[in-house]
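Hi,

Here is the structure I promised to pass on. Have a look at it first, and then read my notes below.

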Amino acid sequence: MIFEKNILCIGAGYVGGPTMAMIAYKCPQYRVTVVDINPERIAQWNSDELPIYEPGLYEVVKASRDRNLFFSTDIEKGIIESEIIFVSVNTPTKTFGVGAGMAADLQYWEKTARQILQCAKTPKIIVEKSTLPVKTALAMERILNSENKGIHFDVLSNPEFLAEGTAIKDLEKPDRVLIGSSLTDSGLKARDELVEIYANWVTTDNIITSNIWSSELSKLVANAFLAQRISSINSISSLCEETDADISEVAHAIGMDCRIGNRFINASVGFGGSCFKKDILNLVYLCRHYGLNEVADYWESVVKINDYQKERFVYNMLTAMFNTLAGKKICLLGFAFKANTGDTRETPAITIAQKLIDENAELVISDPQALKNAKADLKDMGGKISYVEDPYKAASGTHAIAVMTEWDLYKELDYDKIYQSMNKPAFIFDGRNILDHKKLFGIGFNVFPIGKPSMTHFD
Ligand SMILES: NC(=O)c1ccc[n+]([C@@H]2O[C@H](COP(=O)([O-])OP(=O)(O)OC[C@H]3O[C@@H](n4cnc5c(N)ncnc54)[C@H](O)[C@@H]3O)[C@@H](O)[C@H]2O)c1
C-alpha cells in the first residue's frame, strides 16, 4: 500500500509509543514507525505485553499494529524512509559535570541528531517531542547543517502534554496541541504539515502555533505551574495539621474561585513522575544561566517543598508510632507515582521506603501494576522488603499501612478484615487522602491523613 506520509518516531517510551499509536490509529493513510535502541522494548511493543501500562493503550495499538503502525530497531532504515521524524528520546537530569543535578542531559538527544544527519538522503522535518531546554532547536539545526550535505532540515517543537494514567484520553482529546516553528517560509510550511497531521482528529481551534522558543519554554512552564500547585497545597497541609483546619475544606473553598479552579489542589505525600522535578530543575538552571537568581530560587522552592512533604510524612509516622519504627512491619499500599500507571520514576514511595528502611522498619510493598518496577528501584536498598500484590495479604501482620498511590481499588477494600489481620494498635497513614477516615477510626485504626486532624484511640 502507498501511504500519504511516512512518519518515524525515535524513542519508544512512555511518550513515543502512545503518541505514535494514536497518530496511526487516527490516520490509517500514514505509515508510522517507532524505533528504539532497546530491542527488548521493541519486542514488547510487538507483543501482547506492552512495555507500559496505560488504560486503553492496548486497544489502540492492536487496531493499527502491522497495518500502519510498526515497531522496529532499524533506526537507519526508518530515517531513510521517512519525511517526518519525531524525536522522543529521554532527556534526564544531568548527573555529571557542569549543571549536574539540574541541567538536562542532552546526550541522547544529540546522538539522535547526528544519526539523522548521517543517514538522511532526502529533506526531513524533525519534530522535538522530548522536553528540552529553550533554544535546543538552535543546537539541533546547527548539528543538522554541520556537514553541508545539501539536504534541508526543518526543526519544529511539538512538546507532549499527555499525563501518564490518562495518556490515551489526553491524546484523543488534547486540551491543546502546540507547534513551534521558525517563522521562515520553510519553517511555516513544515509547521503546516504537522498541523495537517493533527487536524485529522483534533479541532483546529485546539491546535496552536507559536515561535519555536515559546513552544520549547511552554512545556517547562506548564510542568512548573502544575507542580507548583501541588507544592502550594502541600505547604498549606502542614499548617492545617498544626491548626486543626482541614486541607480538603480549604481546597474546596479556594477551588470554587474560578480564577483558582479546583484541579490539581489535592494534598498528598508529594508529586512524582519522571518529569516535574526534572523539568523544574531544568527551568531553574536556565534562569541561573541567564542571571535570574530570584526567579530560579522561586521555582526551586517548589521542589524543596516536595522534599519537605515526604520528610514530614515519615516524621509523622515515626512520632505517631511511639518514636520507633525499628522491627515494625509497614505495608506501602501503592508504589506507582500515581494511579493507573506502572511507572515508578521519582515516585514518593521510593523516598518513603528509603527513610523507613533507615529507621529499620520492615516493608511489604503492594501495587497492582508497579511491583516489577518497585523491585528494580529498591534492589540495592538493603533492609527487609517483600512484594505482595494482594493488598489483604500485604497488610496482614503489619503494624501500619501507608497509602502511597491513589488507586481506586484501595478505596474499596474491606478495612474491617484488614484491621483484624494487623498488629495492634493499627495505624493508617493516608498519603493520598482517599480513604474514609471516620469509618477507619470507627473500625479501630489510628488514622493520620494529610492536612487534617489525626484520629487516635490513645487519649
Ligand atoms: N513520561 C511522560 O509522561 C512525559 C510527558 C511529556 C513529555 N515527556 C518527555 O518526553 C521525553 C521522553 O520521555 P519518556 O517518558 O517517553 O522516556 P522513556 O525513557 O520512557 O523513553 C525514551 C526512549 O528513548 C530511547 N532512546 C534513547 N536514546 C535513543 C537513541 N539514540 N535512539 C533510539 N532510541 C533512543 C530509550 O531506549 C527509551 O526507550 C522526555 O524528554 C520527557 O521529558 C514525558
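With 459 residues, a compact globule would have a radius of gyration near 23 Å, and the protein agrees with that at 24 Å (taken over C-alpha atoms; the globule rule is 2.2 Å times the number of residues to the power 0.38). Bear in mind that this is a predicted model: local features need pLDDT of at least 70, side-chain atom pairs count only at pLDDT 80 or more, and totals for chains, interfaces and linings use all residues. Residues are numbered from 1 along each chain as its sequence is written.

Along the principal axes, the C-alpha atoms fill a box of roughly 80 × 50 × 45 Å. The secondary structure comes to 18 helices and 14 strands (DSSP runs numbered from the N terminus: H or I of at least four residues for helices, E of at least two for strands). Of the 459 residues, 47% are buried (20 or more other C-beta atoms within 10 Å of a residue's own, with C-beta atoms placed from the backbone).

Now to helix H6 (residues 136-144), where the buried residues are Thr136, Ala137, Met140 and Leu144. They cover an arc of only 100° around the axis, which puts them on the same side of H6 (the arc is that of the directions from the helix axis to the C-beta atoms). Their cover includes helix H5 (107-119), strand S5 (124-128), strand S6 (153-157) and helix H9 (212-243).

Cheers

Technical notes
A residue is buried if 20 or more other C-beta atoms lie within 10 Å of its own, exposed if 12 or fewer, and partly exposed in between; C-beta atoms are placed from the backbone. Two residues are in contact if their C-beta atoms, placed from the backbone, lie within 7 Å.
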